[in-house]
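Subject: Structure handover

Hello,

Please find the structure below. My notes on it follow.

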Amino acid sequence: MQVSEIYRSIQGESTYAGLPCVFVRLTGCNLRCTWCDSEFSFHGGRKMTIDEVVAEVDNLQPSTGNRQLATGNCLVEITGGEPMLQEREAVPLMERLLAAGYKVLLETSGERPLARVPMQVVKIVDVKCPHSGEPGTFAMENLNALQPHDELKFVLTDRTDYEFARDFVAEHRLAERVHAILFSPVFKKDAAGTRDTSHCLLDPEQLAHWILAENVPARLSLQIHKLIWDPAAKGV
Ligand code: SF4
């Protein structure tokens, strides 16, 4: 498989936010979201076997790793780019990591079929909103592949995106089908330097008002890695 980077950091944007996590970022994406913050992963990287990826993930565990594995708490997130473009290798990789005792997260746009993703994997599906530049790319049949532990994320730039997400959640009764629905204000693409929410294209306070006013069953989610480190930092 073609791998952009493997590193250990803090999970930044899901209900697992704040937990230590090893990220396996696969190369390549078939979408071009206007606010994408990982364009560096579209090309390049290195060819690795599944054995090599698993060994590197194992090596990134701290000395307490075995104890964490025994309790199933050690997180690995498969991300990209779009990891499901490499489904033939990504699915066996997920199976190997699960068998080794890892809790596995998969970050995906849901444009590719998700039916073959192992059931134990927590899918974090980023449904593209109207102003993402890639609206309508979520494959609706993937709604049938959702598990109760999965999470759906909507990255929002403005009221139009918010209303799309609100209506999509209601229309498909998503609150009854998944563990969490995440509404996340998008960070400006060129954000750098100060680590605060002034970089958000949609003010989180405004979003909070909308969610509260309409009692939307969503969790307001901030990309906490962009508040912990410089928003332009890579590998965090
Ligand atoms: S799907 Fe993800 S990696 Fe691909 S362009 Fe959109 S934000 Fe970037």
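Is S221 buried or exposed? S221 counts as buried because its relative accessibility is 7%, where buried means under 20% relative accessible area, exposed over 50% and partly exposed in between, with a 1.4 Å probe and protein chains only. S221 is in the loop between β9 (219-220) and α6; helices (H or I, at least four residues) and strands (E, at least two) are DSSP runs, numbered from the N terminus. Leaving out residues up to four places away in sequence, S221 touches E13, S14, L182, F183, S184 and P185, contact meaning heavy atoms within 4.5 Å.

Two remarks on the source. This is a predicted model, in which local features need pLDDT of at least 70 and side-chain atom pairs count only at pLDDT 80 or more, while totals for chains, interfaces and linings use all residues. Residues are numbered from 1 along each chain as its sequence is written, and side-chain values use heavy atoms, with hydrogens and water left out.

The ligand and the pocket

Around the ligand are C29, L31, R32, C33, W35, C36, S38, F42, G81 and K128, each with a heavy atom within 4 Å of the ligand. This shell consists of six nonpolar, two polar and two charged residues. In this classification Ala, Val, Leu, Ile, Met, Phe, Trp, Tyr, Cys and Pro are nonpolar, Asp, Glu, Lys and Arg are charged, and the others, Gly among them, are polar.

The ligand takes up the space of the largest pocket. A pocket is an open set of points on a 1 Å grid over the protein atoms alone, where a 1.4 Å probe fits, with protein on both sides within 12 Å along at least five of seven lines; lining residues have an atom within 4 Å of a point. A molecule sits in a pocket if more than half of its atoms lie within 2 Å of its grid points.

The volume of the largest pocket is about 880 Å³. Its lining has 49 residues, and those closest to the centre are E13, R25, D37, S38 and Q223. By class, the lining divides into 19 nonpolar, twelve polar and 18 charged residues. β1 contributes the most, with three residues. Elements that supply at least two lining residues each include β2 (20-26), β4 (75-79) and α6 (225-228).

Residues at the ligand

S38 is in the loop between β2 and β3 (46-47). S38 is buried, with a relative accessible area of 9%. Beyond four places in sequence, S38 touches R25, G80 and G81. The peptide bond from G80 to G81 is cis, with omega near 15°, and G81 is in the loop between β4 and α3 (87-99).

W35 is also in the loop between β2 and β3, and is buried at 13% relative accessible area. Its contacts outside four places in sequence include D126, K128, H131, V155 and F187. W35 and L201 are 166 residues apart in sequence, with their C-alpha atoms 9.8 Å apart in space.

Backbone points to check by eye

R173, which is not glycine, has a positive phi, near 45°. R173 is in the loop between α4 (159-171) and β8 and is exposed, with a relative accessible area of 53%. N215 has a positive phi near 50°, again in a residue other than glycine. N215 is in the loop between α5 (204-214) and β9 and is exposed at 68% relative accessible area.

Regards

Key. Grid points are joined across faces, edges and corners, and a volume is the space filled by probe spheres set on the points.
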